[in-house]
Number of protein chains: 2
Amino acid sequence: MVTRPVPTPASPALYDVCSVGNAIVDVIAECPDSFLESYGITKGAMTLIDETRADFLYQQFGPAVEMSGGSVANSVAGIAGLGGHPAYIGRVKDDQLGAIFRHDLTASGVHFSTPPAQAGASTGRCLIVVTPDAQRSMSTYLGVAVDLSEKDIEPQLVGNAAVTFLEGYLFDKPEAQKAFIKAGTLAHAASRRLALSLSDTFCVDRHRAAFGELVRDHVDILLANEFELMALYCLPTFEEAFAAARAQCSIVVGTRSEKGAVIAAGDELVSLAAEPVARVVDTTGAGDLFAAGFLFGLTQGCPLSTCGRLGAIAAAEVVSHYGPRPQESLKDLIHRKGIQL
Amino acid sequence: MVTRPVPTPASPALYDVCSVGNAIVDVIAECPDSFLESYGITKGAMTLIDETRADFLYQQFGPAVEMSGGSVANSVAGIAGLGGHPAYIGRVKDDQLGAIFRHDLTASGVHFSTPPAQAGASTGRCLIVVTPDAQRSMSTYLGVAVDLSEKDIEPQLVGNAAVTFLEGYLFDKPEAQKAFIKAGTLAHAASRRLALSLSDTFCVDRHRAAFGELVRDHVDILLANEFELMALYCLPTFEEAFAAARAQCSIVVGTRSEKGAVIAAGDELVSLAAEPVARVVDTTGAGDLFAAGFLFGLTQGCPLSTCGRLGAIAAAEVVSHYGPRPQESLKDLIHRKGIQL
């Protein structure tokens, strides 16, 4: 093990988690599988698109529903729902979708003070096709979200958050990559921890070397699904990739959909079954809410197995309905499941 | 009976129904009853609010979901879902919510060619509180919707629609009242029929005299719930108010929530039970979708009882989920219910 020791901060954290991510409003429509084929959408993936393609795809959509989304924004909304105190850094424009994003995040109980852009591209949006198998396929026009840079990383948030949580999806632009390094440096200077979600295999494939350096040199807590881990380390099995990640990060969380999750913290290893779900309606947000439960448990000092269970329960809630954010009180839900924090 | 005879148009209608109404995007949040008390919202009613109040109430809302709405816009979306060919006239702005409204209506299969406003107030929105009893309480900032005037009444739509369907909610401004008269005049000149939804008791109370004249002099088909009919005629019982309406309109549809509906066409009288619903989730759109089913049946030449049954089935679908528009194919649904058109 060459991992960084768990730091001891000088003062208690004001925020449990501060997420840095793509601020996105989701546009959700149910479509048959043939829709994906007709318009060349990769099933289960997140594909970046430009505004022309976004307008075209939206025209092909049936009637849709708009809900605030964004991967690690969903996570902090979940952490607030669990009773935590999270913060968020991300870029919206001063437009109607930006106001919706800000409202929903703030109303969830998340501190969000990144000022809206007054000019340039509009607030980002993600066109989500939900097929009858509950799988979501995402086409994202990032809009102004992609303009996140070092100056958006507020030191008073990152320095006062027990964990700063970075979204792999944001890693496409050099300015955002610099912002990630700044966030990591600030977090570690305050003896806080840095977490990263790998977000998507295609995203990992686009930036494997840079992701590799980020994980090796900065990340304390790595969250990824099995395919993202295998993509990051170019290794053919989950077990090998997971071992490679353990050698680099203090904590590694590998999620495996209905096969549950594997979590390692130093020498400790926990395997978890997936939480049963009566009917999976829409898998959007499953990984984001697993991260919410896990990171919330971690910042509350729970044992690793409880952290994982919190993640599994939060993920099970979000896949049981349309949309990427919890629709019932996660705090009440975990109490009903017998977990007292 | 002093009602107008059912006219015989010169040519078949291009459109089954052309609705004229408030183009509105709904912002839906679940809230406890205490929310209504805290912010002085009248339960079950639609209250008009200004932008300041809309902004204030929205700030008090928890995380919300955005869906296109607007009373008679919901009706034409339902008619399209039943397999009909409807059109819509209403005002949105050239902004993000306006684009959402236009997209959803057009994607439903509704012809909508009213050009968006380039300046002035933004697209209207309706803040809908859904309480645990499934009742909806609406606070509406009409925005640009209220600017509808005679010039928006497209003769090629009204003249080519079997029924032109007016929304009582729109009746607050003198310009809109003039637009209604123009729509009625154009419809009758083309030997088409004019329908009106009374929309809301408070709306009727605000403009009782003007509504009375409109109904007496122009309306062929009157759709209202029992309380709206009693308000219009200042009569203490449903039976008396319904009789007063029958004396003025060729067709009167009186809806009574779980007590079903009563429909009169000349001497013919039909009473209908409400369609059973496993769980009523959100009553938003119930009246709008009853109107959709009824008017669609009427334009297809169905017997009065079938028209009513179509209304009851469409209303039952929309109250079984959140949001004011159908989420499954109404065409498939009525086939499953054994109705062949």
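This is a short tour of a predicted model, with something to select at each stop.

**Stop 1: the two chains together**

Start by showing chains A and B in two colours. How large a rotation puts chain A on chain B? Turning by 180°, with 0.0 Å of shift along the axis, superposes chain A on chain B with an RMSD of 0.0 Å. The two copies are thus related as by a two-fold rotation axis. To find that axis on screen, select Glu66(A): in chain A, its C-alpha is the one nearest the axis, 2.5 Å away.

**Stop 2: where the chains meet**

Now look at the contact between the chains. Chain A puts in 18 residues and chain B puts in 18 residues. On the chain A side, select β4 (65–68) and α4 (96–108), which each supply at least two residues of the part that touches chain B. Which element of chain A gives the most? That's α4(A), with seven residues.

**Stop 3**

Buried or exposed? Gly98(A) is buried, because 23 other C-beta atoms lie within 10 Å, and 20 or more is the cut-off for buried. Leaving out residues up to four places away in sequence, Gly98(A) touches Val92(A), Lys93(A), Pro116(A) and Thr123(A). Then pick Gly124(A) as well: it sits 26 residues from Gly98(A) along the chain, yet their C-alpha atoms are separated by 8.3 Å.

**Stop 4: a covered helix, α9**

Next, select residues 226–233 of chain A, which make up helix α9. This helix is mostly covered, with seven of its eight residues buried. Those buried residues are Glu226(A), Glu228(A), Leu229(A), Met230(A), Ala231(A), Leu232(A) and Tyr233(A). What do they pack against? Show α7, α8 (208–217), β11 (221–225), α10 (238–246) and β12 (251–255) of chain A, and you'll have their packing partners. Just after the helix comes Cys234(A), which takes a positive phi of about 50°.

**Stop 5: another enclosed helix, α12**

Select residues 304–318 of chain A for helix α12, which has 15 residues. From its first C-alpha to its last, α12(A) reaches 22 Å, close to the 21 Å expected. Of its 15 residues, 13 are buried, so α12(A) is largely enclosed by the rest of the structure.

**Stop 6: two serines with positive phi**

Two serines are worth a click here. Ser199(A) isn't a glycine, but it has a positive phi of about 75°. You'll find Ser199(A) in the loop between β10 (193–197) and α7 (201–206) of chain A. Ser199(A) is buried, with 26 other C-beta atoms within 10 Å.

Over in chain B, Ser191(B) also has a positive phi, of about 55°. Its place is the loop between α6 (174–189) and β10 (193–197) of chain B. Ser191(B) is partly exposed, with 13 other C-beta atoms within 10 Å.

**Stop 7: two helices crossing**

Finish in chain B by selecting α3 (71–81) and α11 (286–299). At what angle do they pack? The angle is about 45°, with the axes 8 Å apart. The two helices are therefore oblique to each other, and their crossing is right-handed. To see the contact, show side chains including Val72(B) and Ile79(B) from α3(B), and Leu289(B), Leu295(B) and Phe296(B) from α11(B).

How values were computed: Residues are numbered from 1 along each chain as its sequence is written. Chains are lettered from A and ligands numbered from 1 in the order in which they are written. This is a predicted model: local features need pLDDT of at least 70, side-chain atom pairs count only at pLDDT 80 or more; totals for chains, interfaces and linings use all residues. Helices (H or I, at least four residues) and strands (E, at least two) are DSSP runs, numbered from the N terminus. The expected span of a helix is 1.5 Å times one less than its number of residues. A residue is buried if 20 or more other C-beta atoms lie within 10 Å of its own, exposed if 12 or fewer, and partly exposed in between; C-beta atoms are placed from the backbone. Copies are superposed by least squares on the C-alpha atoms of residues with pLDDT of at least 70 in both. Axes are lines fitted to C-alpha atoms, for helices over the stretch in contact, and angles run from 0 to 180 degrees between N-to-C directions. Angles under 35 degrees count as roughly parallel, over 145 as roughly antiparallel, 65 to 115 as roughly perpendicular and the rest as oblique. A crossing is left-handed if the near helix is turned anticlockwise from the far one by less than a right angle, and right-handed if clockwise. Two residues are in contact if their C-beta atoms, placed from the backbone, lie within 7 Å.
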